[in-house]
Structure formats: structure tokens, C-alpha cells
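The following paragraphs lead the reader through the structure shown below, beginning with a ligand site and continuing with a sheet.

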Amino acid sequence: MWGYFEWLIFRFGLLQGIAVAAAIALLGFLGCYVVALARYGPGEGFYRVTKVIYELIARDLPGTSWRRIHALARLAFQEAIRRRVLVVMAVFIVGLLFAGWFLDPSSNNIARLYISFVMTGTSYLVLLLGLFLSCFSLPADIKNRTIQTIATKPVRPTEVVLGRIFGFTAVGTMLLVVMGVLSYIFVVRGIVHEHGVRDIASDGMSGTTTYDSAHSHTFEMIEDEDGVVRRGTTDEQKSHRHVITVTEVDGEKRYTVGPPEGLLAARIPIYGKLQMTDRAGKLGGGLNVGYESEYQKYIEGNSLMKAIWTFEDIGPERFGDGAVLPIEMSLKAFRTFKGDIVTGVQGEIVLKSPDGRVESDRIGFIVKEYQLDHREIPRKLQGAVDGVPREIDIWDDIVQDGKIQIEVRCIDPGQYLGMAPADLYLRAGDSTFAWNMFKGFLGIWMQMVLIICLGVMFSTFLSGPVAMVATLTCLVLGFFGNLALDVATGEAPGGGPIESLIRIPLQTGAMVDLDLGNPVLETTIKMVDRGIMWVLVSLFQAIPSFGQFNTSDFVAYGFNIYGGLIARHLTMTLSYFVLTSLIGYFFLKTRELAAA
Amino acid sequence: MTTEIATEANTTSPETDSDIVIETRNLGKVYRDFWGRKKVAALKALDIQVRRGEIFGLLGPNGSGKSTTIKLIQGLIFPTSGHAYVFGKDARDVTKNERIGYLPEESYLYKFLNAEETLDFYGRLFDMPAEVRRERADKLIRMVGLHGARRRQLKEYSKGMTRRIGLAQALINEPDLLILDEPTTGMDPIGSREMKDLIVRLRDEGKTILMCSHQLADVQDVCDRVAILHLGELRELGRVDELLKVRDVTEVHAKGFSEELKQKIAEFIKNEGGDVISIDNPTTTMEELFLEIVQEDRPGARPSSAKPN
Ligand SMILES: Nc1ncnc2c1ncn2[C@@H]1O[C@H](COP(=O)(O)OP(=O)(O)O)[C@@H](O)[C@H]1O
Ligand SMILES: [Mg+2]
């Protein structure tokens, strides 16, 4: 996971970012030039495009006034309200009221279910709203000719575009705030359930709770240092625990079960780099078991295969007082024979220094499938330095230059353990759930802004329905944009469009190199393909990848949405806002507003 | 190509004569359809100049190109030939709008706003501060006689009321140039008369007015100069009194003639070599007659305090 500035520099900012921005600007300019060329001929066409750019910089940007933008935004807002966007709110509230009918309360993780439900619902409603508002507003104004009264005032095209974007964004923001607060209340109240105490062991130190909300817990009490038993915890069921407190009333001990804990988390994970060794113990291993997607790889039990995570920038200060190293993992077991299902597949963990000289003793575990396994490794533990056994300290001995390695092995012969890089991480602490949910809604907000920007941009030169189709197309391409990019950058096998076309009749597999018996032809095809792909890549990079903005899974799965991610998305949103505004300006400036 | 670029680049009129507010040169517009095929040649090679402080009328039947001319002058559509300049600036320069007030063919306003909100909104578009907007909106609402309806949404307004608020909107920036597209359509005779009085009053305050109409009476009553358009072509241009003067006919207005006297005069004219066309009692125009009757019914009813319909 990249931090914001790393990402800005390597991914978006200085190198690729500038290239992408330049490519988009060039494409835009070329596109405009082609349009102008068709209309006015080469010299005149070039002159006109250049003139528009000059006018933007020399006149219209300096002449843009906040008061006019504000007026137009306010009008857009009022128009939206008049179009009864509040119906959307009503739909949402009705949805929440009836959610109980179709959300299964016996689900394994009720919080995840509820959060996914409200966030998906909210984004669909808000995005659809943004789509409709932004695509139909300007065309309607042109059709009703109300734009004529506006365009004969000293209103700059920039202001028409910005006013609309801001106005609709304000409407959407208002709705999102209300929906967000309702969602939060819905989730927090939805997960609340109570247990009573069913029985208590004769020593008063353990017991079971009553069966409520499709589950019950067992619990154990803990003796405090002064020998008095005041509290205890239950086991983990359905991703949560309860705290049990004991009070003495009239000489009688009363046990109370607290509210569920751990359901609404916002973990701050530290991810590492994952490498695997093959059966000979060399790096670069890892197996596919056939049906898994490519990012999950397997290691075989009772072999030299192991998974090695390397974590960087680690120190005790990142884990509270550093008394323990909290690890969380969710590994997958793949069984080749159905043997001992009860105990499950066994594995072991070893902590290692990066130079390999210090290592801990093996820590065994049993795979908890589909559940998060949380374990806290104490700071001081048994291990070996250069093969000599002694007590070692995680921070003083194992961690070197802030780096630590964690090795995972599967013990059971014939069984496999599956994992992706994010399946084992160090848990550096927690953020608050409410703040995380806010950030999740911020993600929805950014998607909404993107759609509004695209919709307004398209509506400056297309009719309402066509603008909507165009925006939707961008959205769909944006969701699948990464796939197209993979093909384009050669990461997906099979080559570019022409090569693939040739492969169809030849029936050559995508993994085999193309062989036509003519190297010149092959090279030519590859070159042309690269050219086509360059254009496609430029186009695709011009489309925001909406999927990436959807951070609601972070919230639902209880992971903190880290600041770098938000900052990255904000930067991208801002870039697209600028880009779409410019294109919208260009079209408004060059079109006849009274021709309809 | 190069010559065309040279003329394009020339966005300001070389005629810096500040007495000319609007100038069109060889202005023409051909409407095309989606495929670029020629549909209508709505305006052909129009050359007019509107001078400071005059009421200039564009007169012509429906479809003669009046609205097209007005839209070209405002930069709402782009000419297919020639140029239009306003205050010496190219018609497509939005800064010229600071000094223009425009009343479109129908008042294209937002129906969900009320009169106050409408004027406030358009005031904001002129970047006017709040107090100025409030003060002017108040003044204008009274002036166009919408005081009683200032808080009602425009969708409840009658056609005449919509025209009035449209006019108020056009005056919010105290423009030097007022462009009115068919200002009296949809108004009853009283409203129409008030509108015309107002136009003359605004001219007297020093504003320049360009209006178009297909109603001869409108133009005749208020315009100083007219251009008569037909099928997109300029047919006649000049002062209204000059254009309407029938040079070879003499009119005599007198009272208390007997039939005998009329005969005598007819004979006298014939003897002197003249031609008697008719000797008759004059008729008045329908509009004048109607106004006379209506205004007699309501003594003391001053045009500006007339209630909206
Ligand atoms: N947007 C348009 N597309 C095609 N033809 C148009 C358009 N607007 C006007 N016309 C045509 O141009 C001619 C002049 O129209 P217009 O200027 O509106 O006339 P007027 O205002 O004098 O009634 C008419 O024949 C009209 O049909
Ligand atoms: Mg007209």
C-alpha cells in the first residue's frame, strides 16, 4: 500500500501523471482541432482552437466571478429540489425501514452485512441522482431557452459549467450527509443485541450466555491482582465478543453481559511484501490450485514451501507500548483429502530477522477459515541467534533497520495453505468506526462528483439522454478500465487487437508466441497493435476508474481507510474536475446557445 | 484563408465613433440541419447602424429574420457571413452584456422563482452587491406594476405579467442599450400602451433601444428609425416620419363642414388642377378607439398604477 506522496510521485504526479495529463490535453486539443478542421478547414480551424484557449486564459478565467458561480449553483440547487430529489431520501428511508425483512440476522458478520447494505444503497441512489441531474439540466435549459436569458448576461462559460457542478454537488452532499447519519444510526442500532447469563460454573469463573440473535457465547472470568473477580470476556462468535462484569448486590453476585464489541472496527493494518519459496526452498514459488483467481497462491504442507512476509518501518512505537506484536491473518485451506475436519489444517509461524540470523521458535496455529485470526505475540519469546537457543526480544533482536520477516508454513502433509499479500498483516491499532464510515462516505461523495463532472461535461454538447448514455459508458469502462489497461500494457496474454484477430482463425493459444513464418509481418502487426493500444490506453486513462473509488468494503470489513488513499482519490477527483470543466468550457464557448 | 483570419482577429470595430451603438456589416445567417445541409437563409447581408439615444425598430412579418438579427447581435448564434458589433465589441464578447438589457421573444425565465428571486438572480449575474440588487428589484417591481405579485412564482403569472417581469429583468443592470424582441406581444392594449410609454421614457433618459415587432402600430408609435425586413432581406431603412409621409397627398383637418362646403371645395380643387381622392369624416384606429373607451371608464387611472390582469 502506497503512501500518498509516493503515489503522487510515482503513479500520478511527476512522471506518469504529467505524461497522462499531457496526453489527455494533446488528445483534447487534437479532437477539438479535428472538429474545427472539419468545420472550417485547416488554417481557420487551428486559429479557432487556439483562440478559444487564449480567450480562456486571457479573458474568461480572469472574468469569472464567484458571485455568478454562486448564483448559478444556487439556481441548480433550487432546480434539483424542485425536481423532487428529496424523493430519493424517502426511498432510502423506506429501504432502511424494510431492511429487516431481507437482512439475515443470523449472518456470520452482521455489521458487514448492514454496512454493505447501507453503503451500496446510498451510492446507487446518490450516483443515479447525480447522473440524472447533471445530464439533463443544461439540455433542458437550452430547450426551454432559459439559457438565452442567462447567456445575454455577462456570464462566462466557465461559470455555467462550474455553477452546475457546484450546485448539483451541493444537492448530493446534502443528501449524503443525511443518508450518512441515518446509515450510521442504522448500523450501530442494528448490531446491538443483548444476552443474559444462562449458567455459571460452580466456581463462578466460567459459563454460557443465553441464546439471542442466533448465537450464544461461553465466557471466562479473570481474577484481578487483588484476587477479586470483577470482569471477564466471552468467546468470539459471529465476529464479536462481550465483556462480562460482576457486581455484588446484597451479597449476591450478579453477572451482566455488555454490548457486542469488535463488530465496528477500523483496523489500521501494516501490510508486508509476500514472497513464496518453491518445493526446493527457492524464492519465486507458490501454486495455483486451479480455481482461485491469480492473486491467491498456495503453499504445500510438509514441504520446503513457505510464505515469507517482509514488513518495513516497524518499531515498538507503532504498537502502543510494544509489549506485544499483534498479527492478524485469514488464510485459506485447500484439502486434498477430507481427513480431520475438526482440528483443521495446521500451520506454523516463525519470526525472523531480515538477515536470517535471529529467529523465533515455531508458533503453531490451526487455520480458522473465513475468520480473522488475531494473535498477539509477546515481545520476549524463545528463539535462537545463529542457531544458539536463548530468549530473544522482538524489537531488540529480530527487527533490524525497522524490518522483520514473518514466515508461514503448512504442517499437514497433503494439505495446502492459500494466501494473498494482504492476508497477513500487523495490526497497528484502531481508528474509530464513525470516522472510518465518514471516509467511506467521502469515497461515495467523490464518485458522485466524478459523475456530475462527466454528466455536465457531456451535456454541454449532447442532448440529455445521449449525455446520460455517454456518462454511463464512462462509468462502465471505468469499472473495467483496469482490465483494458492490462491488455494494453501487455500484462494480459494474447497481444493487441490485430494479433488477437489473427489468433482466432489460427486457433493459437494466448500463451503461445505468434508464429506466422514471417518475422517482418509479425513485427509490423505488433507495432500497429502498440499504436492502437497507445491510443486506447490514453483514452482509458482519461476515464476515471470508478471501482477504485469504492472504499465501502474497507468500512464493511473493518479496515481503516488510510489517509494516503483518500488523498490520492481527492487528487484524482480534482484532476477530473479540472479536465471536465475545461472540456465543458470549450464546447459551451463554441456552440450556438440559441440554435435549438 | 489568411485574409479571413485577418478579419476574424479584428474583434473590435474600427469605427470608434462612439455614437454608433450597434453596427452590422454584411450580416447573414443560414440555419443548417444536423448534417450541415442548408435549411433556411434567415438573414441576408444586413447592414444597419443603431445610434446612441434612438429607438430603432426592426419591422417585418413573422419569419422575416428579426429574431435572428437580434440573436446574432447578442452572440447567441454565430453569423455565417459578416459581423455584428455592439459598443465597438464583437457580438460574441460577453463583456458587452454588462451594458445590455435583453427581453427575449418570450420571457425565458425560471418558472419556479418568484418576482423578487428572479430579479435577485439576474442581478447576481451582473455581479451586483446585495443592497443594490434589493433596491433595484424593489424599484423595478413597482415600475412594472407587479408589486402585488412579487412573492408569487412565475408559473402562476399571466402572459402579460410574464412580459413585465421579463422587462424588469432586462432593466436590472440599468443598461445603456435595451434590446426588445416583440415587447408588446401577449399584452392587452393598456399593457401595450404602457410598454410603449415606458420605451419612450427610457429613450428620453438617454438609453438606446433596439426593438423588433410585426405590429405596425408599435413601430409607428415609438420608433425613431426602422428597418423593414422581408424574407431575410432589408427592404427599407429610414426615419419613421419620413417613411410614412405620403408626399403627393395633402391632408386638411377642419371642423364644422357642411355637405355644401365639401362640394364647393371639391370643385375648387378640380378647377385648380388637383385630384380629389375623397372628402370624408376621418376614422380613428381601432387601438385608439379602444383606448379612449377604456380610459374614459376609469378616470384617473394612470398607466403605471394599472393593476396587472
Ligand atoms: N434554429 C433555427 N433553425 C432553423 N431555422 C430557423 C431557426 N430559427 C429560425 N429559423 C428560421 O429562420 C427564419 C427567420 O426566423 P426569425 O428570425 O425567428 O423570424 P422573426 O423573428 O422575424 O419572426 C424563419 O424562416 C425561421 O423558420
Ligand atoms: Mg421573432
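In this predicted model, 13 residues surround ligand 1, and the closest are Ala595(A), Gly63(B), Lys66(B), Ser67(B) and Thr68(B). Because residues from chains A and B surround ligand 1, the site is shared between chains. By residue class, the shell around ligand 1 comprises 6 polar, 5 nonpolar and 2 charged residues. Two elements of chain B, strand E2 (38-51) and helix H2 (66-74), each supply at least two residues of this shell.

A backbone N or O atom of Lys66(B) is placed 2.9 Å from an oxygen atom of ligand 1. For Gly65(B), a backbone N or O atom likewise lies 3.0 Å from an oxygen atom of the ligand. The side chain of Tyr31(B) contributes an N or O atom that is 3.5 Å from a nitrogen atom of ligand 1. Taken alone, ligand 1 exposes 560 Å², of which the protein buries 74%.

The second topic is a sheet in chain A. Strands of a sheet pair through backbone hydrogen bonds, in either a parallel or an antiparallel manner.

E1(A) pairs with strand E2 (residues 206-209) of chain A in the antiparallel sense over 3 bridges. Within this pairing, Ile200(A) has Gly207(A) in E2(A) as its bridge partner. The hairpin of E1(A) and E2(A) has 5 residues between the strands, and Gly204(A) takes a positive phi near 75° in this hairpin. E2(A) is in turn joined by 3 bridges to strand E3 (residues 218-223) of chain A, the two running antiparallel. Gly207(A) stands opposite Phe219(A) in E3(A), while Gly207(A) is also the bridge partner of Ile200(A).

One of the paired positions is Val249(A), whose bridge partner in E6(A) is Glu252(A).

Notes:
Residues numbered from 1 in each chain as written. Chains lettered and ligands numbered in written order. Predicted model: local features only at pLDDT ≥ 70, side-chain atom pairs only at ≥ 80, totals over all residues. Heavy atoms only, no water. Pairing = 2+ DSSP bridges. Helix = DSSP H or I, 4+ residues; strand = E, 2+ residues; numbered from the N terminus. Near = heavy atom within 4 Å. Polar contact = N/O pair within 3.5 Å; in protein donor to acceptor, adjacent residues only side chain to side chain. Areas by Shrake-Rupley, 256 points an atom, 1.4 Å probe, with all protein chains shown as cover. Nonpolar A, V, L, I, M, F, W, Y, C, P; charged D, E, K, R; others polar.
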